[in-house]
Amino acid sequence: MVCTVSTPMASGPAFVQPAPMTRLLPTAGSEARPQMRGASGSSTATRATATSVAGAAAAAGAVVGAGSKRRRAGQMPKVNLMPNTGKMPKGNLMPATSAPTLEINYYELDDVDAPKILAAVQDAISAAGPIVQETSSPEERLLKVLSEPSVVAMLTSISRLPVFSYEMGSAFKENLDLLLALKQIKYFWSVPQSQLVILLEQLARQVAGPKAAEAFGEFAQALAQTSSHTEMIKHLRDELPAEVRTTYMQNAEYLETSDAHAVYPTSIYRQCDALTLATEDASTIEAVMSTTLTTTIKIARKVLEPSNRLLADVYTPLGRCVAVVDDKVEALYGKDLDAYFAHHGIEYKKLIFSGNEVDKDIRDVERILVALKKSGQGRHEPLLVVGGGVIADIAGFAAALYSRNTPYVMLCTSIVSGIDAGPSPRVCCNGFDYKNLYGAYHPPVLTITDRGFWKTLHPGWLRHGVAEIIKMAVMKDLSLFELMEKWGTKCLVTKFGTVGESVNDSEFQDICDLIVGKAMEGYVRSEYGNLWETHQCRPHAYGHTWSPGYELPSGMLHGQAVGTCMGFGAYLACKADFIDETEMSRILKVISDCELCLWHPVMEDGAAVWQSQVAMIEKRGGNLCAPIPRPLGQSGYLNDLSEEELLQDLQTYKELCLSYPREGRGVEEHCVDVGLEDPQAKKVAAAVPDRFVVTPMDMVASKLAKAKAENDMPAVADAVRMLDSVDSMVAKYSSQPSEALRSISMQTAKTNPMWADAEKTGDTTRLMEAEMISGQAEGQLLQLLVKFGGVKKVLDIGTFTGYSSLAMAEALPEDGHLVTLEREAVAAQMAAENWAQSQHKGKIESRVGEAHELLQALASEGASFDLVFLDVDKPGYLALYQTIMDSGLLRVGGLLAVDNTMYKGEELSGEQLSVNGKGAESLNQGLLADERVHQVMLPLRDGLTLAFRQC
Ligand SMILES: C[S@@+](CC[C@H](N)C(=O)[O-])C[C@H]1O[C@@H](n2cnc3c(N)ncnc32)[C@H](O)[C@@H]1O
């Protein structure tokens, strides 16, 4: 699909086409200048300049001469300019001014003559074909191609065409790929060398077939290997033969005044035009301005396979690609993206951002802007945006803001972005708890939808996206509706032909593409003609009139809420005689078959639904303008619905829905059902003041949340300082350790180099670290437990340098006994040396070996302990725990203390657990499932769990 979006330049009074153009202003100089004409004046000098330049182009064989000019650069509306006769047209009540009006026209372009353009392209391609296959260097071949008279003629003449105009679109509407190439060829002078050759290849494919295109393709690949292929064509001018150079330069000079877009473009995807009318004394000026944007949409397959050139053709000429990528997409397809760009020799800079609704704040947009600046993003190079609806919205908005507008290519990876948010001109972010409060109108220059990405979508997300397809089908396309009736369920089950047997079902593959393409086409047909939302007849707002009032409170997925609103809209359409009952039933059935919600209990709150209608009327400029089908497949608008009627209609609609499967309810209706946070819960939590801050951790979390919301780095630093100080505070206000324990801490702190050597020499079986020591807070807790519990017999599993052993021994009574187990003889030896000076050393018995074996031995000796401290390698935790319990090593009424049960917070981070993290998790689960113990996990240091053996 190739679309040109043009905003209407004029509305209101009818204008009449002007007499042929003449200019009043001289044309010399480098800036594009407006051409101003008075009622009757003209400048022959200026006209002579234009004619002589046009003559030069004609001499080179240009297909369109100066005799056939248009005034429009882009697709200007068919305006009729008022003849400036000084007399008012009949029926006009406005008095005429006697002074002549000055009229400023900005551009002067050639007429579109499709057969001539086509012939010129054919001539150029057949002349260039043999040249690109020569054996000389790619650089030489390119110069030769550019010097070929028919190529010169084609390029210069296309550069003078209104390529974004309605006439151009109509002339080439039967061949959209040709139209797309011609739109860009206009800018040939300023595009990179590679880009021009890729465009020639595309032209060749359209006018001379795949074989001819192949030769250009090979040439493009050879050229892409040269160091200069990213340089603009105009930089080759001095290497061209003199007469060729002169022709190109004269063309450039001519364009400077007739259409500067073509010779000094800031963007090859948008143009401007205006009509300015001024009284002779310039005391009153009436002007209208327009912006014309061009965009392309492709429903494609296997976009990231190296053989697919859609992205490569955009980024090879630039030599690099800067991309904003959704973090979840990066996790799933990051390697494929890396490999794709590496294969094509394109430098790939990826900027990863979260694509969650909660991360759709203006600060998230700002973060993207900062990243773009850091990556040196240029205003000419299209940014690549890869992801779903949220990334499409925030990265598109960042692109709109960056350098006031930067083009971007949207690679849609979700169903919602693939048919709705992706090609949407409405880019935005949330603010002050309002969805999409800030935004701009900035569609991508290229949107690519590849449903291959949908295979990894949660089924709930697919359903939610299907709602948008049904929306377009009901409002715009009966044939799409019929496809959904027939294939909607299968699309859901097979994730649009991306899983199971359906992958090899070519007929179904085509059906899926057709459904996606038609949904997309319906969407842009509704949206692109009303780009700035300057009126409210917006068919794509079907299903979006009443549900905004209850979507958040219900916690429903957007698509599910849209389902309810579409169903209700269909019911109202039937009631208004816009559709008949059969059509209404068909609509409700498709919604229900696609497992979407028709009715949700939240709709019982009629007052809230009415409030939504009131808010919508305000938003829609005082009109309800609720889009509903009229008839099925076409759009109508409901404008009057009183509160009383609404409440009554909701009740009748509810009764109707109850007869549908699941009593009208959807499958996995709510955000939480598909693993997403409930946005309402999030909103409520965000609104909760600091009164819920009751612990230092709460305070840190609260500060960090606030800092995140306000992008406040000093507040982040403050939170970090607090976190760092927690251990010091615990140490400060806990009993102080003995001198012997202090000494063990100090000695152990120096051991790291020694442990590294010991591992290398094989003196230890594992790498030990000074940080393995338990330390003061735990030491004091263990001492307290020994004292409080009247403990006499302690088992310390994991001696290391002897800190926990000595700490507990110090607390034991004189007749107390502690057995400590250690696998590494070196550590056990060091511990013994550390206790050597302590008066409590006699209470300690050290055993060296694998804990498991040592436990078996202790058990066979009939040993039993009041307190067991477990602090060894985590993967063995659960097995050791079971041995301790099953063998009776921990007596009933005894206490088990286990260290590191929160293992580095791995489980909290949500990242994949390490083997140690998994070991800690297994033990935690084991404790939970074991009724013999009553336990509590304390967030002391790395987590310390105390488990009392009750039976
Ligand atoms: C974290 S450190 C113990 C720290 C000590 N409790 C303290 O208070 O400083 C773990 C010790 O257990 C030992 N260890 C690890 N796994 C073991 C096992 N399966 N059997 C015996 N000892 C083991 C290690 O060699 C290490 O010295």
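These questions and answers walk through a predicted model of one protein chain.

Q: What makes up the protein chain, in helices and strands?
A: The protein chain has 34 helices and 23 strands. Of its 951 residues, 44% are buried. Among contacts with a separation of 6 or more, 74% join residues 24 or more positions apart.

Q: Why are helix 26 and helix 29 called roughly antiparallel?
A: Helix 26 covers residues 739-749 and helix 29 covers residues 803-811; they pack at an angle of about 175°. Angles over 145 degrees count as roughly antiparallel. Helix 26 and helix 29 are therefore roughly antiparallel to each other. Their axes lie 10 Å apart.

Q: Which residues of helix 26 and helix 29 meet?
A: From helix 26 come Ala740, Leu741, Ile744 and Ser745. From helix 29 come Tyr803, Leu806 and Ala807. By class, this contact has 6 nonpolar residues, 1 polar residue and no charged ones.

Q: How do you know that the span of helix 22 is close to the expected one?
A: Helix 22 runs over residues 643-658, which is 16 residues. The expected span is 1.5 Å times one less than the number of residues.

Q: What makes the buried residues of helix 22 line one face?
A: Tyr653, Leu656 and Cys657 are buried in helix 22. Seen down the helix axis, the buried residues fall within an arc of 90°, so they line one face of helix 22. They pack against helix 19 (558-575). The face turned away from the buried side carries exposed residues: Glu644, Gln648, Thr652 and Glu655.

Q: Why are the buried residues of helix 34 said to line one face?
A: The buried residues are Gly917, Gly919, Ala920, Leu923, Asn924 and Leu927. Seen down the axis of helix 34, they fall within an arc of 160°, so they line one face of the helix. On the other side, Val915, Gln925, Leu928 and Ala929 are exposed.

Q: What do the buried residues of helix 34 pack against?
A: Their partners are helix 32 (877-886), strand 21 (890-899), helix 33 (906-909), strand 22 and strand 23.

Q: Why does Asp796 count as buried?
A: Asp796 lies in strand 17 (residues 793-797). The cut-off for buried is 20 or more other C-beta atoms within 10 Å. Asp796 has 32 C-beta neighbours inside 10 Å, so Asp796 counts as buried.

Q: What does Asp796 touch, not counting residues up to four places away in sequence?
A: Asp796 touches Ser804, Ser805, Met808, Leu818, Thr820 and Phe869. Val872 is 76 residues from Asp796 along the chain, and their C-alpha atoms are separated by 9.8 Å.

Q: Why does Tyr441 count as partly exposed?
A: Tyr441 lies in strand 13 (residues 434-441). Buried needs 20 or more neighbours, and exposed needs 12 or fewer. Tyr441 has 18 C-beta neighbours inside 10 Å, so Tyr441 counts as partly exposed.

Q: Which residues does Tyr441 touch, not counting those up to four places away in sequence?
A: Tyr441 touches Pro425, Arg426, Leu531 and Trp532. Tyr441 and Leu531 are 90 residues apart in sequence, with their C-alpha atoms 7.2 Å apart.

Q: Why does Lys495 count as buried?
A: Lys495 has 23 C-beta neighbours inside 10 Å, so Lys495 counts as buried. Lys495 lies in the loop between helix 16 (478-493) and helix 17 (506-527). Its phi is near 50°, a positive value in a residue other than glycine.

Q: What makes Arg941 count as partly exposed?
A: Arg941 counts as partly exposed because it has 18 C-beta neighbours inside 10 Å. Arg941 lies in the loop between strand 22 (933-938) and strand 23 (944-949). Phi of Arg941 is positive too, near 45°.

Q: Where does Pro631 lie, and what kind of peptide bond joins Arg630 and Pro631?
A: Pro631 is in the loop between strand 15 (626-629) and strand 16 (635-638). The bond between Arg630 and Pro631 is cis, with omega about -15°.

Note on methods. Residues numbered from 1 in each chain as written. Predicted model: local features only at pLDDT ≥ 70, side-chain atom pairs only at ≥ 80, totals over all residues. Axes fitted to C-alpha atoms, helices over the stretch in contact; angles between N-to-C directions. Helix = DSSP H or I, 4+ residues; strand = E, 2+ residues; numbered from the N terminus. Parallel < 35°, antiparallel > 145°, perpendicular 65-115°, else oblique. Contact = placed C-beta atoms within 7 Å. Nonpolar A, V, L, I, M, F, W, Y, C, P; charged D, E, K, R; others polar. Arc of directions from axis to C-beta.
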